Amino acid sequence: MRNPVPVITVDGPSGVGKGTLCQWLALRLGWHLLDSGALYRLTALAALHRGLALTDEAAVAAVAAALDVAFLPGVDEMRILLDGAEVGAVLRSETTGDAASRVAVLPAVRAALLQRQRDFRRPPGLIADGRDMGTVVFPEAGLKLFLTASAAERAQRRYKQLIEKGMDANLAGLAEEIAARDARDAQRTVAPLRPAADAELLDTTGMPIARVCDWALTLAARRLSIPVIP
Ligand code: C5P
């Protein structure tokens with residue numbers, strides 16, 4: 001049966017502003033939010049906590065299938081608990097992002113996380129943030145957005161984000177890490193990073209986030225017939 005709960009998918013490479021746009025859209029529309037990258041990050045962290053090699057596909061997939069996580073509303077952003085303990089800043093670090101992109105190449109891990117991601121689809125609607133939201137997880141979504149931005153600008157944005165969170169960051173190192181992660185995400189055989197054929201593309205280089213949000217909201221209003229006050 002067709003799922004009547006509307007979905008907006010937002011895909012694109014690291015540091016492109018998907019997170020900011022998705023949080024804004026979810027708040028603006030009063031919809032649920034799926035941060036699928038967090039699930040890959042949590043899987044990698046849980047595997048590392050258990051002393052597993054990130055290449056051990058069967059073992060990491062078992063960890064993904066049994067992931068004990070809770071997403072709780074926080075003051076500024078979501079609080080995330082893994083095995084009952086708050087993961088906080090370590091989850092957002094580039095080291096964890098890198099580990100996430102290593103487990104994300106494993107087909108059994110992606111399969112183990114598929115239903116968990118689809119379960120986020122609850123009324124009144126879902127904003128899904130990731131790499132394969134429009135191509136694999138919600139191929140029937142009513143609106144699919146795909147953001148891009150120059151590599152230099154994405155490294156800058158990620159740098160600013162990490163510094164604002166009080167984390168250590170080095171711009172040159174970050175640019176290299178982002179490039180390596182993008183290459184791994186785009187070249188993997190399962191669910192590689194690419195826009196769905198019916199996705200709306202936007203190059204956000206040099207664009208203030210408010211304009212990106214306006215663009216997305218205008219499309220949402222038009223495509224999904226959502227009554228939105230401008
Ligand atoms: O978006 P975020 O930086 O949190 O994602 C971390 C990593 O998780 C990505 O680099 C990618 O390898 C993986 N990922 C994925 N599919 C998604 C979301 C994230 O493969 N839908």
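Q: Let's start with P124. Where does it sit?
A: P124 is in the loop between helix 6 (107–118) and strand 6 (126–130). Keep in mind throughout that this is a predicted model.

Q: What makes the peptide bond between P123 and P124 worth a look?
A: Its omega is about 5°, and the bond joining P123 and P124 is cis. Most peptide bonds are trans.

Q: What is said about phi at D83?
A: D83 has a positive phi of about 50°, and it is not a glycine. Most residues other than glycine have a negative phi. You'll find D83 in the loop between strand 4 (79–82) and strand 5 (85–86).

Q: Why is D83 called partly exposed?
A: Its relative accessibility is 38%. Buried needs under 20% and exposed needs over 50%, so D83 at 38% counts as partly exposed.

Q: What about S225, where is it and what is its phi?
A: S225 is in the segment after helix 10 (209–223). Its phi is near 50°, a positive value in a residue other than glycine.

Q: Why does S225 count as exposed?
A: The cut-off for exposed is over 50%. S225 comes in at 61% relative accessibility, so it counts as exposed.

Q: Now the helix that runs over residues 36–49. How do you know its span is close to what's expected?
A: Helix 2 has 14 residues and reaches 20 Å from its first C-alpha to its last. At 1.5 Å a residue, the expected value is 20 Å, and the helix is close to that.

Q: What makes helix 2 "mostly covered"?
A: The count does: 11 of its 14 residues are buried. Among them are S36, A38, L39, Y40 and R41, and L45, A46 and A47 are also on the buried list.

Q: What follows helix 2?
A: G51 does, with a positive phi near 70°.

Q: Which residues does V63 touch, leaving out those up to four places away in sequence?
A: V63, which is in helix 3 (residues 57–65), touches T43, A46, A47, R50 and L52. T43, A46 and A47 are buried residues of helix 2.

Q: How far is V63 from L114?
A: Their C-alpha atoms are separated by 14 Å, and the two residues are 51 residues apart along the chain.

Q: On to the ligand. How many residues surround it, and which are the closest?
A: 15 residues surround the ligand, and the closest are R41, R110, R181, D185 and R188. By class, the shell has four nonpolar, four polar and seven charged residues.

Q: Which helix gives the most to that shell?
A: Helix 2, with four residues. Helix 2, helix 5 (94–103) and helix 9 (171–187) each supply at least two.

Q: How much of the ligand does the protein cover?
A: On its own the ligand has 450 Å² of accessible area, and the protein covers 97% of that.

Q: R181 is among the closest residues to the ligand. Why is R181 called buried?
A: R181, in helix 9, has a relative accessible area of 5%. The limit is under 20%, so R181 is buried. Its contacts include S14, R41, E94, D98 and R158.

Q: Why does R154 count as buried?
A: R154, in helix 8 (residues 151–164), has 7% relative accessibility, so it falls in the buried class, which takes anything under 20%.

Q: How do you know that R154 and D182 make a polar contact?
A: Their side chains are joined at 2.8 Å, and the cut-off is 3.5 Å. D182 is also one of the residues R154 touches, along with others including P13, S14, A149 and I178.

Key. Residues are numbered from 1 along each chain as its sequence is written. This is a predicted model: local features need pLDDT of at least 70, side-chain atom pairs count only at pLDDT 80 or more; totals for chains, interfaces and linings use all residues. Side-chain values use heavy atoms; hydrogens and water are left out. The expected span of a helix is 1.5 Å times one less than its number of residues. Buried means under 20% relative accessible area, exposed over 50%, partly exposed in between (1.4 Å probe, protein chains only). A residue is near a molecule or strand if one of its heavy atoms lies within 4 Å of it. Accessible areas come from the Shrake-Rupley method with a 1.4 Å probe; for residues, only the protein chains shown count as cover. Ala, Val, Leu, Ile, Met, Phe, Trp, Tyr, Cys and Pro count as nonpolar, Asp, Glu, Lys and Arg as charged, and the others, Gly among them, as polar. Contact means heavy atoms within 4.5 Å. A polar contact is a pair of N or O atoms within 3.5 Å; within protein, one must be able to donate a hydrogen and the other to accept it, and residues adjacent in sequence count only if both atoms are side-chain atoms.
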